[in-house]
Structure formats: structure tokens, C-alpha cells
Amino acid sequence: MGTALLARGLTGRAPEWNLSHPDVVRGVHAAHVAVGAELVLTNTFVGASTEEAAAAMRLARESGARYVGASLWAGVADLEKQIAQLADADSLWLEAATSPRQALAAVRTAVQVTALPVVITCALRSAPLDELRAAGAAAAGYACSPWPLDATAADVVKLAAEGLGPEEWVRKVPSARLRGGCCGTDERYLAALRATAR
Ligand SMILES: [Zn+2]
């Protein structure tokens, strides 16, 4: 989502576009659904106002995606409030944790305040996946960059493009139960990923 909005002229906070450019945000979700994405993530990664969060949820649902995940950076400041604002999602995605400590703290907070399945992704070469599951995460894995050294135990991988084209990226993305794209990817990458899952 961030990559797509930047390509369309975003300069400020992405969640503002849920209110100012709703058709664009809905269109990005819809482009992902059109190539086979089963789950889309709300445009709330950096944290949203109450109004922005409500719009984000509505726009994600309007894409027709089978599932909507509430997206929040694992280090977002007011995590409890942010989670509460996105309670209508099907799952909670705590994303791109930049340290094991941050990832564990986010999961521990989340499971106290939501009954949604909690997914945790780490932007780390190696993450304490078992510890994160023991803390209550329904799925644990890797997001963005750097790519993990070994993702064989990960439930989820949604990695950055890292300068690779769609076909090359897909060949290198590890297998996992949940897969998707992050910075630098777009619907071409998701289409290529989807083709390998059929
Ligand atoms: Zn990313």
C-alpha cells in the first residue's frame, strides 16, 4: 500500500489518504484482490486517527477481499488504542518489528486487548518465532527488509522487492502458509506469487 500511494503522489502520512483519496486507496486494494490476494491490509501502518481507521476498514472491505487484516507497525506508540479502532478486522497484523523485544512487547499487549488472531512479522534476519507463538501470536514470521536468513519455520513471509523483478522475486521468496508483498512490490508481484500457489 505504501509503495502504491507513494507512486501516486503521497507525500505525507498514508492514512490521511483514507479520507482525502478514498478512491485511490480502495483501488489499490482492489488491484491486489483482482490478481488473487485473499487478504488485504488496512492503510493504517503508521497509526491512524479514529476517523482514518474507520475509513481504512471500510475501504478494505469494499475491495471485496475475503479477509481484512488490521495493519499496524509493531512499534506504533498508542498500540492499544490503534488495535481498538480496527476491531472489525478478521485478524491483527503487527508488522515489521525492528527488534525481538519490540515484537514480543507488541504481541503481549495485543493479546490482552483483542480476541482477533494476532500475526507478528519482523524486519529482522532472525526472529524468536517460537517465543512469539508462546506469547500468543497465531502466526509469526518476516516482513519487509532485510530478508530472513532462514524462513523455514516462519508462518508468514511478506518481503520487500529488494530491486528484484516479479519473477525473480517469486523464485526467491521462501514458502510459508501466508505470503505477500512489502515495499517495492505491486500487483505484478502478487500475481506472480499467486501463480505459484495454484
Ligand atoms: Zn516494507
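Reader: Hi! Which residue in β5 does V119 stand opposite?

Author: V119 stands opposite A139 in β5. Helices (H or I, at least four residues) and strands (E, at least two) are DSSP runs, numbered from the N terminus. This is a predicted model, where local features need pLDDT of at least 70, side-chain atom pairs count only at pLDDT 80 or more, and totals for chains, interfaces and linings use all residues. Residues are numbered from 1 along each chain as its sequence is written.

Reader: Thanks! How many bridges join β4 to β5?

Author: β4 and strand β5 (residues 139-144) run parallel, joined by 4 bridges. Two strands pair if DSSP finds at least two bridges between them. Between β4 and β5 the chain passes through helix α7 (residues 129-134), in a right-handed β-α-β crossover. Right-handed means that, with the strands pointing away from the viewer, the path from the first strand over the helix to the second runs clockwise.

Reader: And what is the bridge partner of L94 in β4?

Author: That is I120. Strand β3 (residues 91-97) pairs with β4 in the parallel sense, over 4 bridges.

Reader: Why is β4 largely enclosed?

Author: Because 5 of the 5 residues of strand β4 (residues 118-122) are buried, the rest of the structure largely encloses it. Buried means 20 or more other C-beta atoms within 10 Å of the residue's own, with C-beta atoms placed from the backbone.

Reader: Nice. Which residues point which way from β4?

Author: V118, I120 and C122 point one way, V119 and T121 the other.

Terms used: Buried ≥ 20, exposed ≤ 12 C-beta atoms within 10 Å, placed from the backbone.
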